[in-house]
Amino acid sequence: MSYFTGETPDNYEQKCLCTLILDTSGSMSGQPIRELNRGLQEFYAAIEEDLIAANRLEVSITTFGSNIKTIQEPALIDNFDMPTLNIGGTTRLVDAVRQAMRKTEERKQWYKETGQPYYRPIMVLITDGEPDRDQDVAGLSKEIQAAIDSKKFTFWGLGVKGFNHQVLNQICPNNAPALPLSGYKFSEFFKWLSNSIGIITQSKEGESIDLPPVSDWAQMKF
Amino acid sequence: MPTTNKKATWTAAYASVMGNGHIATNLPCQDSCEYRQPNDTWGIAVVCDGAGSAKQSDKGSDFVARNIAHCLEELLKQNKWDSLETMPTEEVWREEAVKALQLTRQRLGMYAENEGIPIGDLACTVLAVLYAPFGMLVTHIGDGRAAYSTAPSDWKALFEPFRGNEVNETVFITSNIWTVEGVEKYVDTSILQAEVRAFALLSDGCENGSFEVNVWDEANQKYHDPNRPFVRFFEPNVKGMLQLHAEQKTQEEINTIWAGFLKEGTKQFKHETDDKTMILVVKNPVAEPAE
(Lines give C-alpha, C1' and ligand atoms only; values in the text may rest on other atoms or scores of the structure.)
Protein backbone atom coordinates (compact mmCIF):
# COMPACT_ATOMS: atom_id res chain seq x y z
CA MET A 1 0.00 0.00 0.00
CA SER A 2 1.09 3.55 -0.60
CA TYR A 3 1.20 5.61 2.59
CA PHE A 4 2.28 8.85 0.96
CA THR A 5 0.05 10.20 -1.77
CA GLY A 6 0.87 13.91 -1.73
CA GLU A 7 0.26 15.65 -5.07
CA THR A 8 2.63 17.92 -7.00
CA PRO A 9 2.04 21.67 -7.31
CA ASP A 10 1.99 23.23 -10.76
CA ASN A 11 5.25 25.20 -10.80
CA TYR A 12 6.62 26.87 -13.88
CA GLU A 13 10.16 25.58 -14.50
CA GLN A 14 13.20 27.78 -13.98
CA LYS A 15 15.16 28.42 -17.13
CA CYS A 16 18.68 27.54 -18.25
CA LEU A 17 19.86 29.11 -21.50
CA CYS A 18 22.46 27.37 -23.66
CA THR A 19 23.75 29.50 -26.54
CA LEU A 20 25.57 27.63 -29.30
CA ILE A 21 27.86 29.67 -31.56
CA LEU A 22 28.76 27.44 -34.49
CA ASP A 23 31.35 27.85 -37.21
CA THR A 24 29.77 27.15 -40.62
CA SER A 25 32.59 28.62 -42.70
CA GLY A 26 33.79 26.87 -45.85
CA SER A 27 36.48 24.92 -44.03
CA MET A 28 33.82 22.98 -42.13
CA SER A 29 32.66 21.30 -45.34
CA GLY A 30 32.43 17.53 -45.63
CA GLN A 31 32.89 15.34 -42.58
CA PRO A 32 33.10 18.15 -39.97
CA ILE A 33 29.68 19.65 -40.78
CA ARG A 34 28.10 16.20 -41.22
CA GLU A 35 29.34 15.15 -37.77
CA LEU A 36 28.35 18.48 -36.21
CA ASN A 37 24.81 18.12 -37.60
CA ARG A 38 24.62 14.56 -36.28
CA GLY A 39 25.85 15.72 -32.84
CA LEU A 40 23.19 18.46 -32.72
CA GLN A 41 20.42 15.97 -33.50
CA GLU A 42 21.65 13.64 -30.76
CA PHE A 43 21.88 16.54 -28.30
CA TYR A 44 18.27 17.41 -29.11
CA ALA A 45 17.16 13.80 -28.59
CA ALA A 46 19.03 13.51 -25.25
CA ILE A 47 17.38 16.66 -23.89
CA GLU A 48 13.97 15.59 -25.19
CA GLU A 49 14.24 12.36 -23.18
CA ASP A 50 15.04 14.20 -19.93
CA LEU A 51 11.77 15.60 -18.59
CA ILE A 52 13.35 18.19 -16.28
CA ALA A 53 16.01 19.34 -18.77
CA ALA A 54 13.40 19.58 -21.54
CA ASN A 55 11.36 21.95 -19.39
CA ARG A 56 14.34 23.99 -18.21
CA LEU A 57 16.77 24.23 -21.09
CA GLU A 58 16.36 26.91 -23.73
CA VAL A 59 18.65 26.60 -26.73
CA SER A 60 19.76 29.44 -28.98
CA ILE A 61 21.94 28.94 -32.09
CA THR A 62 24.06 31.54 -33.88
CA THR A 63 26.07 30.44 -36.93
CA PHE A 64 28.90 32.26 -38.65
CA GLY A 65 30.66 32.14 -41.99
CA SER A 66 30.74 35.35 -44.01
CA ASN A 67 27.27 36.04 -42.61
CA ILE A 68 26.11 35.85 -39.03
CA LYS A 69 22.70 34.38 -38.42
CA THR A 70 20.84 33.61 -35.23
CA ILE A 71 19.03 30.67 -36.77
CA GLN A 72 17.34 29.75 -33.51
CA GLU A 73 16.15 32.30 -30.97
CA PRO A 74 16.11 31.00 -27.36
CA ALA A 75 13.42 28.33 -27.04
CA LEU A 76 12.60 25.09 -25.25
CA ILE A 77 13.30 22.16 -27.52
CA ASP A 78 9.58 21.33 -27.60
CA ASN A 79 9.14 24.54 -29.54
CA PHE A 80 11.56 23.98 -32.43
CA ASP A 81 13.17 21.30 -34.57
CA MET A 82 16.96 21.18 -34.59
CA PRO A 83 18.03 22.78 -37.89
CA THR A 84 20.52 21.27 -40.34
CA LEU A 85 23.47 23.60 -40.82
CA ASN A 86 24.80 24.64 -44.22
CA ILE A 87 28.29 25.96 -44.79
CA GLY A 88 29.88 28.79 -46.72
CA GLY A 89 32.14 31.81 -46.47
CA THR A 90 34.90 33.09 -44.20
CA THR A 91 35.11 33.20 -40.37
CA ARG A 92 33.47 36.23 -38.72
CA LEU A 93 33.90 34.61 -35.35
CA VAL A 94 34.20 37.68 -33.15
CA ASP A 95 31.11 39.38 -34.60
CA ALA A 96 29.15 36.17 -34.09
CA VAL A 97 30.20 35.76 -30.46
CA ARG A 98 29.28 39.40 -29.79
CA GLN A 99 25.86 38.93 -31.36
CA ALA A 100 25.32 35.78 -29.26
CA MET A 101 26.39 37.66 -26.10
CA ARG A 102 23.84 40.38 -26.87
CA LYS A 103 21.10 37.79 -27.43
CA THR A 104 22.03 36.05 -24.17
CA GLU A 105 21.89 39.29 -22.22
CA GLU A 106 18.52 40.18 -23.80
CA ARG A 107 17.10 36.81 -22.77
CA LYS A 108 18.39 37.25 -19.22
CA GLN A 109 16.70 40.64 -19.05
CA TRP A 110 13.49 39.05 -20.26
CA TYR A 111 13.73 36.37 -17.54
CA LYS A 112 14.16 39.14 -14.99
CA GLU A 113 11.30 41.26 -16.33
CA THR A 114 8.92 38.34 -16.34
CA GLY A 115 10.05 37.11 -12.92
CA GLN A 116 11.38 33.77 -14.17
CA PRO A 117 14.16 32.22 -12.08
CA TYR A 118 17.18 31.35 -14.23
CA TYR A 119 20.50 29.57 -14.04
CA ARG A 120 23.65 31.22 -15.28
CA PRO A 121 23.59 30.94 -19.10
CA ILE A 122 26.05 28.64 -20.85
CA MET A 123 27.77 29.77 -24.07
CA VAL A 124 29.52 27.25 -26.31
CA LEU A 125 31.70 28.30 -29.26
CA ILE A 126 32.67 25.64 -31.80
CA THR A 127 35.17 26.53 -34.52
CA ASP A 128 37.75 24.88 -36.76
CA GLY A 129 39.37 27.93 -38.17
CA GLU A 130 40.99 31.23 -37.59
CA PRO A 131 38.91 34.41 -37.34
CA ASP A 132 39.07 36.78 -40.32
CA ARG A 133 41.89 39.30 -40.10
CA ASP A 134 39.58 42.22 -39.33
CA GLN A 135 38.11 40.45 -36.31
CA ASP A 136 38.91 42.06 -32.94
CA VAL A 137 40.07 38.99 -31.01
CA ALA A 138 41.81 40.98 -28.25
CA GLY A 139 38.71 43.10 -27.64
CA LEU A 140 36.44 40.07 -27.51
CA SER A 141 38.78 38.31 -25.13
CA LYS A 142 38.52 41.21 -22.67
CA GLU A 143 34.73 41.35 -23.00
CA ILE A 144 34.39 37.63 -22.30
CA GLN A 145 36.72 37.72 -19.29
CA ALA A 146 34.83 40.72 -17.88
CA ALA A 147 31.52 38.90 -18.37
CA ILE A 148 32.87 35.78 -16.68
CA ASP A 149 34.21 37.86 -13.78
CA SER A 150 30.81 39.48 -13.30
CA LYS A 151 29.15 36.04 -13.55
CA LYS A 152 27.05 36.88 -16.61
CA PHE A 153 27.55 33.45 -18.22
CA THR A 154 29.89 30.46 -18.46
CA PHE A 155 31.86 30.01 -21.68
CA TRP A 156 33.42 27.05 -23.43
CA GLY A 157 35.41 27.11 -26.64
CA LEU A 158 35.71 23.87 -28.59
CA GLY A 159 38.37 23.59 -31.28
CA VAL A 160 37.85 21.31 -34.25
CA LYS A 161 40.80 19.79 -36.17
CA GLY A 162 42.92 22.56 -37.71
CA PHE A 163 41.78 25.32 -35.32
CA ASN A 164 44.19 27.98 -34.12
CA HIS A 165 44.84 26.94 -30.55
CA GLN A 166 46.49 30.18 -29.55
CA VAL A 167 43.62 32.36 -30.81
CA LEU A 168 40.89 30.20 -29.30
CA ASN A 169 42.72 30.13 -25.98
CA GLN A 170 42.98 33.91 -26.10
CA ILE A 171 39.22 34.15 -26.55
CA CYS A 172 38.37 31.62 -23.82
CA PRO A 173 38.25 32.78 -20.18
CA ASN A 174 41.13 31.95 -17.83
CA ASN A 175 39.13 29.37 -15.90
CA ALA A 176 38.09 27.41 -19.02
CA PRO A 177 40.82 27.14 -21.65
CA ALA A 178 40.07 25.97 -25.19
CA LEU A 179 39.17 22.31 -25.53
CA PRO A 180 40.42 20.50 -28.63
CA LEU A 181 37.92 18.02 -30.08
CA SER A 182 39.35 14.59 -30.77
CA GLY A 183 38.68 13.75 -34.43
CA TYR A 184 35.08 14.77 -35.17
CA LYS A 185 33.57 13.41 -31.97
CA PHE A 186 30.73 15.92 -31.87
CA SER A 187 28.32 13.21 -30.71
CA GLU A 188 30.44 12.54 -27.63
CA PHE A 189 30.81 16.26 -26.98
CA PHE A 190 27.05 16.90 -27.07
CA LYS A 191 26.40 13.86 -24.89
CA TRP A 192 28.84 15.37 -22.39
CA LEU A 193 27.10 18.75 -22.69
CA SER A 194 23.66 17.30 -21.99
CA ASN A 195 25.06 15.41 -18.95
CA SER A 196 26.85 18.54 -17.78
CA ILE A 197 23.69 20.62 -17.85
CA GLY A 198 22.48 18.68 -14.82
CA ILE A 199 25.62 19.75 -12.95
CA ILE A 200 25.69 23.29 -14.26
CA THR A 201 22.12 23.81 -13.14
CA GLN A 202 23.19 22.87 -9.63
CA SER A 203 26.25 25.10 -9.52
CA LYS A 204 26.29 27.72 -6.82
CA GLU A 205 27.57 31.23 -6.76
CA GLY A 206 31.29 31.78 -6.63
CA GLU A 207 32.42 28.20 -6.79
CA SER A 208 34.19 26.11 -9.37
CA ILE A 209 32.19 23.52 -11.25
CA ASP A 210 33.26 19.90 -11.51
CA LEU A 211 31.96 18.51 -14.79
CA PRO A 212 32.18 14.92 -15.99
CA PRO A 213 35.55 13.98 -17.53
CA VAL A 214 36.04 15.14 -21.11
CA SER A 215 38.20 12.14 -22.05
CA ASP A 216 35.56 10.68 -24.39
CA TRP A 217 35.80 13.51 -26.86
CA ALA A 218 38.67 15.89 -26.03
CA GLN A 219 42.18 15.44 -27.31
CA MET A 220 44.27 16.43 -24.35
CA LYS A 221 47.76 16.12 -25.82
CA PHE A 222 48.93 18.76 -28.26
CA MET B 1 -10.23 29.23 26.93
CA PRO B 2 -8.73 25.79 26.19
CA THR B 3 -5.31 25.21 27.75
CA THR B 4 -2.37 24.21 25.56
CA ASN B 5 -1.25 20.63 25.87
CA LYS B 6 2.39 20.97 26.97
CA LYS B 7 3.39 17.42 26.19
CA ALA B 8 2.95 15.46 23.01
CA THR B 9 4.36 12.59 21.05
CA TRP B 10 5.27 12.98 17.42
CA THR B 11 5.78 10.79 14.39
CA ALA B 12 8.69 11.82 12.21
CA ALA B 13 9.90 10.74 8.78
CA TYR B 14 13.30 11.90 7.58
CA ALA B 15 15.53 10.96 4.69
CA SER B 16 18.07 12.36 2.21
CA VAL B 17 18.06 10.78 -1.24
CA MET B 18 20.13 11.37 -4.36
CA GLY B 19 18.76 13.30 -7.29
CA ASN B 20 19.16 11.64 -10.66
CA GLY B 21 21.70 14.29 -11.74
CA HIS B 22 24.05 12.99 -9.06
CA ILE B 23 23.27 9.38 -9.91
CA ALA B 24 24.16 10.05 -13.57
CA THR B 25 27.47 11.67 -12.67
CA ASN B 26 28.47 9.43 -9.75
CA LEU B 27 28.38 12.27 -7.22
CA PRO B 28 27.51 11.38 -3.62
CA CYS B 29 24.30 12.64 -1.98
CA GLN B 30 25.25 16.09 -0.73
CA ASP B 31 22.21 16.59 1.51
CA SER B 32 22.10 15.52 5.16
CA CYS B 33 19.51 15.61 7.90
CA GLU B 34 19.38 14.99 11.62
CA TYR B 35 16.38 14.44 13.86
CA ARG B 36 16.29 14.08 17.64
CA GLN B 37 13.65 13.95 20.37
CA PRO B 38 15.48 14.57 23.64
CA ASN B 39 12.28 14.44 25.74
CA ASP B 40 8.50 14.32 25.40
CA THR B 41 8.19 18.09 25.02
CA TRP B 42 11.00 19.18 22.73
CA GLY B 43 12.44 17.92 19.46
CA ILE B 44 15.17 18.97 17.03
CA ALA B 45 15.21 18.81 13.24
CA VAL B 46 18.06 19.90 10.95
CA VAL B 47 18.47 19.85 7.16
CA CYS B 48 21.73 20.77 5.41
CA ASP B 49 22.15 21.01 1.63
CA GLY B 50 25.73 20.68 0.40
CA ALA B 51 26.69 23.06 -2.44
CA GLY B 52 26.38 21.23 -5.76
CA SER B 53 29.81 22.28 -6.89
CA ALA B 54 31.73 22.11 -3.61
CA LYS B 55 33.93 19.03 -3.86
CA GLN B 56 33.25 17.50 -0.45
CA SER B 57 30.00 19.13 0.53
CA ASP B 58 28.57 15.70 1.40
CA LYS B 59 31.03 15.65 4.30
CA GLY B 60 30.29 19.30 5.13
CA SER B 61 26.52 18.82 5.27
CA ASP B 62 26.85 15.66 7.39
CA PHE B 63 29.23 17.38 9.82
CA VAL B 64 27.12 20.52 10.12
CA ALA B 65 23.79 18.69 10.52
CA ARG B 66 25.13 16.52 13.35
CA ASN B 67 26.93 19.37 15.07
CA ILE B 68 24.03 21.81 14.93
CA ALA B 69 21.69 19.14 16.31
CA HIS B 70 24.17 18.48 19.12
CA CYS B 71 24.54 22.20 19.90
CA LEU B 72 20.78 22.67 20.00
CA GLU B 73 20.35 19.69 22.31
CA GLU B 74 22.99 21.12 24.63
CA LEU B 75 21.26 24.48 24.46
CA LEU B 76 18.02 22.93 25.70
CA LYS B 77 19.80 21.36 28.66
CA GLN B 78 22.05 24.26 29.60
CA ASN B 79 19.30 26.85 29.50
CA LYS B 80 16.89 24.40 31.09
CA TRP B 81 14.48 25.12 28.27
CA ASP B 82 13.56 21.45 28.32
CA SER B 83 11.69 22.00 31.56
CA LEU B 84 10.09 25.23 30.34
CA GLU B 85 6.68 25.18 28.84
CA THR B 86 6.90 28.48 27.03
CA MET B 87 9.21 29.83 24.35
CA PRO B 88 12.22 32.05 25.19
CA THR B 89 12.21 35.62 23.93
CA GLU B 90 13.21 36.50 20.34
CA GLU B 91 16.42 38.15 21.62
CA VAL B 92 17.49 35.17 23.70
CA TRP B 93 16.79 32.72 20.89
CA ARG B 94 18.68 34.80 18.32
CA GLU B 95 21.69 35.12 20.56
CA GLU B 96 21.78 31.38 21.30
CA ALA B 97 21.12 30.32 17.68
CA VAL B 98 23.89 32.54 16.32
CA LYS B 99 26.24 31.17 19.00
CA ALA B 100 25.38 27.58 18.03
CA LEU B 101 25.94 28.31 14.33
CA GLN B 102 29.22 30.11 15.00
CA LEU B 103 30.47 27.26 17.16
CA THR B 104 29.56 24.78 14.43
CA ARG B 105 31.35 26.93 11.84
CA GLN B 106 34.46 27.00 14.06
CA ARG B 107 34.38 23.21 14.49
CA LEU B 108 33.94 22.79 10.75
CA GLY B 109 37.02 24.98 10.27
CA MET B 110 39.03 22.71 12.58
CA TYR B 111 37.73 19.62 10.82
CA ALA B 112 38.73 21.13 7.45
CA GLU B 113 42.20 21.90 8.75
CA ASN B 114 42.72 18.43 10.23
CA GLU B 115 41.54 16.75 7.05
CA GLY B 116 43.39 19.14 4.75
CA ILE B 117 40.17 20.17 2.98
CA PRO B 118 39.65 23.79 1.81
CA ILE B 119 36.74 25.17 3.84
CA GLY B 120 34.83 26.16 0.67
CA ASP B 121 34.74 22.52 -0.39
CA LEU B 122 32.52 21.81 2.63
CA ALA B 123 29.93 24.50 1.81
CA CYS B 124 26.34 23.79 2.85
CA THR B 125 23.15 25.57 3.84
CA VAL B 126 21.47 25.12 7.24
CA LEU B 127 17.83 24.83 8.32
CA ALA B 128 17.27 24.02 11.99
CA VAL B 129 14.33 24.04 14.38
CA LEU B 130 13.71 23.30 18.01
CA TYR B 131 10.06 22.49 18.44
CA ALA B 132 7.55 21.86 21.19
CA PRO B 133 3.76 21.48 21.25
CA PHE B 134 3.48 25.21 21.91
CA GLY B 135 5.75 26.55 19.18
CA MET B 136 8.96 26.47 17.18
CA LEU B 137 12.38 28.14 17.32
CA VAL B 138 13.68 28.51 13.78
CA THR B 139 17.02 29.45 12.24
CA HIS B 140 18.42 29.18 8.73
CA ILE B 141 21.28 30.17 6.44
CA GLY B 142 20.70 29.99 2.69
CA ASP B 143 17.90 28.39 0.72
CA GLY B 144 15.53 25.50 1.34
CA ARG B 145 11.97 25.75 2.65
CA ALA B 146 9.96 25.00 5.77
CA ALA B 147 6.22 24.66 6.32
CA TYR B 148 3.96 24.31 9.36
CA SER B 149 0.31 23.63 10.03
CA THR B 150 -1.85 24.61 12.99
CA ALA B 151 -5.14 23.35 11.55
CA PRO B 152 -6.12 20.83 8.86
CA SER B 153 -5.62 22.24 5.35
CA ASP B 154 -3.94 25.35 6.73
CA TRP B 155 -0.22 25.39 5.86
CA LYS B 156 2.16 28.34 5.99
CA ALA B 157 5.84 28.92 5.25
CA LEU B 158 8.11 29.26 8.28
CA PHE B 159 10.60 31.59 6.56
CA GLU B 160 11.70 33.11 3.26
CA PRO B 161 14.69 31.36 1.67
CA PHE B 162 17.68 33.50 0.78
CA ARG B 163 18.04 33.66 -2.99
CA GLY B 164 20.14 35.72 -5.37
CA ASN B 165 19.42 36.60 -9.00
CA GLU B 166 20.26 33.17 -10.30
CA VAL B 167 18.67 29.87 -9.34
CA ASN B 168 20.82 28.20 -6.66
CA GLU B 169 22.62 31.42 -5.86
CA THR B 170 22.68 31.44 -2.09
CA VAL B 171 24.89 31.65 0.99
CA PHE B 172 26.38 28.87 3.09
CA ILE B 173 27.61 28.46 6.63
CA THR B 174 31.12 28.57 5.12
CA SER B 175 30.48 31.87 3.30
CA ASN B 176 32.06 35.11 4.41
CA ILE B 177 29.08 36.09 6.56
CA TRP B 178 30.49 36.01 10.07
CA THR B 179 30.67 39.76 10.59
CA VAL B 180 28.11 41.85 12.48
CA GLU B 181 26.56 42.96 9.17
CA GLY B 182 26.79 39.49 7.63
CA VAL B 183 25.05 37.83 10.56
CA GLU B 184 22.38 40.52 10.51
CA LYS B 185 21.75 39.95 6.79
CA TYR B 186 22.22 36.21 6.31
CA VAL B 187 21.46 34.44 9.59
CA ASP B 188 17.72 34.31 9.99
CA THR B 189 16.05 33.48 13.32
CA SER B 190 12.40 33.54 14.31
CA ILE B 191 9.94 32.16 16.83
CA LEU B 192 6.54 30.72 16.10
CA GLN B 193 4.21 30.79 19.08
CA ALA B 194 1.43 28.44 18.09
CA GLU B 195 0.15 24.93 18.63
CA VAL B 196 1.70 23.18 15.68
CA ARG B 197 0.09 19.93 14.46
CA ALA B 198 2.69 19.21 11.77
CA PHE B 199 5.72 20.75 10.09
CA ALA B 200 8.28 20.01 7.39
CA LEU B 201 11.84 21.10 6.59
CA LEU B 202 13.14 20.50 3.08
CA SER B 203 16.15 21.11 0.85
CA ASP B 204 15.58 22.95 -2.44
CA GLY B 205 15.58 19.63 -4.33
CA CYS B 206 12.13 19.02 -2.82
CA GLU B 207 10.67 22.48 -3.26
CA ASN B 208 9.24 22.08 -6.76
CA GLY B 209 7.44 18.97 -5.58
CA SER B 210 5.90 20.38 -2.41
CA PHE B 211 5.71 24.18 -2.53
CA GLU B 212 4.30 26.69 -5.00
CA VAL B 213 7.51 28.54 -5.83
CA ASN B 214 7.08 29.77 -9.40
CA VAL B 215 3.56 30.64 -10.51
CA TRP B 216 1.97 33.17 -12.85
CA ASP B 217 0.71 36.36 -11.21
CA GLU B 218 -2.17 37.51 -13.38
CA ALA B 219 -2.44 40.96 -11.79
CA ASN B 220 1.22 41.84 -12.34
CA GLN B 221 1.67 39.77 -15.51
CA LYS B 222 4.78 38.01 -14.27
CA TYR B 223 5.98 34.87 -12.56
CA HIS B 224 6.58 35.05 -8.83
CA ASP B 225 7.48 32.90 -5.84
CA PRO B 226 4.61 32.84 -3.35
CA ASN B 227 6.62 30.49 -1.06
CA ARG B 228 3.34 28.64 -0.44
CA PRO B 229 3.29 25.08 0.95
CA PHE B 230 1.10 22.95 -1.32
CA VAL B 231 -1.78 21.72 0.84
CA ARG B 232 -2.54 18.81 -1.52
CA PHE B 233 1.03 17.63 -1.02
CA PHE B 234 1.19 17.93 2.75
CA GLU B 235 -2.28 16.84 3.93
CA PRO B 236 -2.28 13.37 2.29
CA ASN B 237 1.23 12.82 3.63
CA VAL B 238 0.17 13.80 7.16
CA LYS B 239 -2.56 11.18 6.82
CA GLY B 240 0.06 8.65 5.73
CA MET B 241 2.18 9.48 8.78
CA LEU B 242 -0.74 8.95 11.15
CA GLN B 243 -1.42 5.62 9.47
CA LEU B 244 2.22 4.57 9.97
CA HIS B 245 1.95 5.63 13.63
CA ALA B 246 -1.27 3.64 14.04
CA GLU B 247 0.47 0.59 12.58
CA GLN B 248 3.33 1.11 15.07
CA LYS B 249 6.03 1.07 12.41
CA THR B 250 9.59 1.52 13.63
CA GLN B 251 11.52 4.70 12.84
CA GLU B 252 13.65 2.72 10.40
CA GLU B 253 10.58 1.38 8.59
CA ILE B 254 9.04 4.84 8.37
CA ASN B 255 12.26 6.37 7.02
CA THR B 256 12.61 3.63 4.41
CA ILE B 257 9.06 4.20 3.15
CA TRP B 258 9.65 7.97 3.20
CA ALA B 259 12.94 7.67 1.28
CA GLY B 260 11.10 5.62 -1.38
CA PHE B 261 8.50 8.38 -1.67
CA LEU B 262 11.15 11.10 -2.00
CA LYS B 263 12.98 9.06 -4.64
CA GLU B 264 10.09 8.46 -6.99
CA GLY B 265 6.75 8.88 -5.23
CA THR B 266 5.74 11.66 -7.60
CA LYS B 267 6.73 12.45 -11.18
CA GLN B 268 8.52 15.59 -10.02
CA PHE B 269 10.57 13.73 -7.40
CA LYS B 270 11.38 10.97 -9.86
CA HIS B 271 12.87 13.38 -12.41
CA GLU B 272 14.46 15.91 -10.05
CA THR B 273 18.21 16.25 -10.69
CA ASP B 274 19.08 17.75 -7.29
CA ASP B 275 19.38 15.75 -4.06
CA LYS B 276 16.22 15.67 -1.96
CA THR B 277 15.80 15.90 1.80
CA MET B 278 12.61 16.31 3.76
CA ILE B 279 11.79 15.94 7.44
CA LEU B 280 8.05 15.67 8.08
CA VAL B 281 6.92 15.69 11.72
CA VAL B 282 3.31 15.12 12.75
CA LYS B 283 1.80 15.34 16.23
CA ASN B 284 0.19 12.06 17.24
CA PRO B 285 -3.47 12.05 18.19
CA VAL B 286 -4.16 12.06 21.94
CA ALA B 287 -5.16 8.56 23.05
CA GLU B 288 -8.75 8.28 24.28
CA PRO B 289 -8.80 7.64 28.04
CA ALA B 290 -9.97 4.11 28.89
CA GLU B 291 -13.59 3.95 30.16
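Two strands are said to pair if DSSP finds at least two bridges between them. With that in mind, strands E4 and E5 of chain B in this predicted model form a hairpin with two residues between them. E4(B) and E5(B) pair in the antiparallel sense, over seven bridges.

In chain B, an open sheet of five strands runs in the order E2-E3-E4-E5-E8, with antiparallel pairing. E2 and strand E8 (188-192) of chain B stand at the edges, and each has a single partner strand, so one side of each lacks a neighbour in the sheet. From one strand to the next, the twist averages 10 degrees. As background, strands of a sheet pair through backbone hydrogen bonds, and the pairing may be parallel or antiparallel.

Strand E2 (residues 31-36) of chain B is mostly covered, with five of its six residues buried. A hairpin of six residues joins E2(B) to E3(B). The pairing of E2(B) with strand E3 (residues 43-49) of chain B is antiparallel and extends over six bridges. Within it, Tyr35(B) has Ala45(B) of E3(B) as its bridge partner.

The next step leads from E3(B) to strand E4 (residues 126-132) of chain B, and these two pair in the antiparallel sense over five bridges.

How well covered is E4(B)? Seven of the seven residues of E4(B) are buried, so this strand is largely enclosed by the rest of the structure. Its side chains can be sorted by direction: Val126(B), Ala128(B), Leu130(B) and Ala132(B) point one way from E4(B), Leu127(B), Val129(B) and Tyr131(B) point the other way, and all are buried.

Helices accompany the sheet. H3(B) lies across E4, strand E5 (135-141) and E8 of chain B, and runs at about 135 degrees to E8(B). H3(B) also has a helical partner: helix H2 (residues 57-78) of chain B and helix H3 (residues 90-115) of chain B pack at an angle of about 140 degrees, their axes 9 Å apart. This angle makes H2(B) oblique to H3(B). H2(B) passes H3(B) in a right-handed crossing. Among the residues that H2(B) brings to the contact are Phe63(B), Val64(B), Ile68(B) and Leu72(B), and those from H3(B) include Ala100(B), Leu103(B), Arg107(B) and Tyr111(B). The residues of this contact divide into 10 nonpolar, three polar and two charged.

The C-alpha atoms of Pro285(B) and Val47(B) are separated by 26 Å, and the two residues lie 238 residues apart along the chain.

Of the 222 residues of chain A, 46% count as buried. Among the contacts in chain A with a separation of 6 or more, 73% are between residues 24 or more positions apart.

Technical notes:
Residues numbered from 1 in each chain as written. Chains lettered and ligands numbered in written order. Predicted model: local features only at pLDDT ≥ 70, side-chain atom pairs only at ≥ 80, totals over all residues. Buried ≥ 20, exposed ≤ 12 C-beta atoms within 10 Å, placed from the backbone. Helix = DSSP H or I, 4+ residues; strand = E, 2+ residues; numbered from the N terminus. Axes fitted to C-alpha atoms, helices over the stretch in contact; angles between N-to-C directions. Parallel < 35°, antiparallel > 145°, perpendicular 65-115°, else oblique. Left-handed = near helix turned anticlockwise from the far one by under 90°. Contact = placed C-beta atoms within 7 Å. Nonpolar A, V, L, I, M, F, W, Y, C, P; charged D, E, K, R; others polar.
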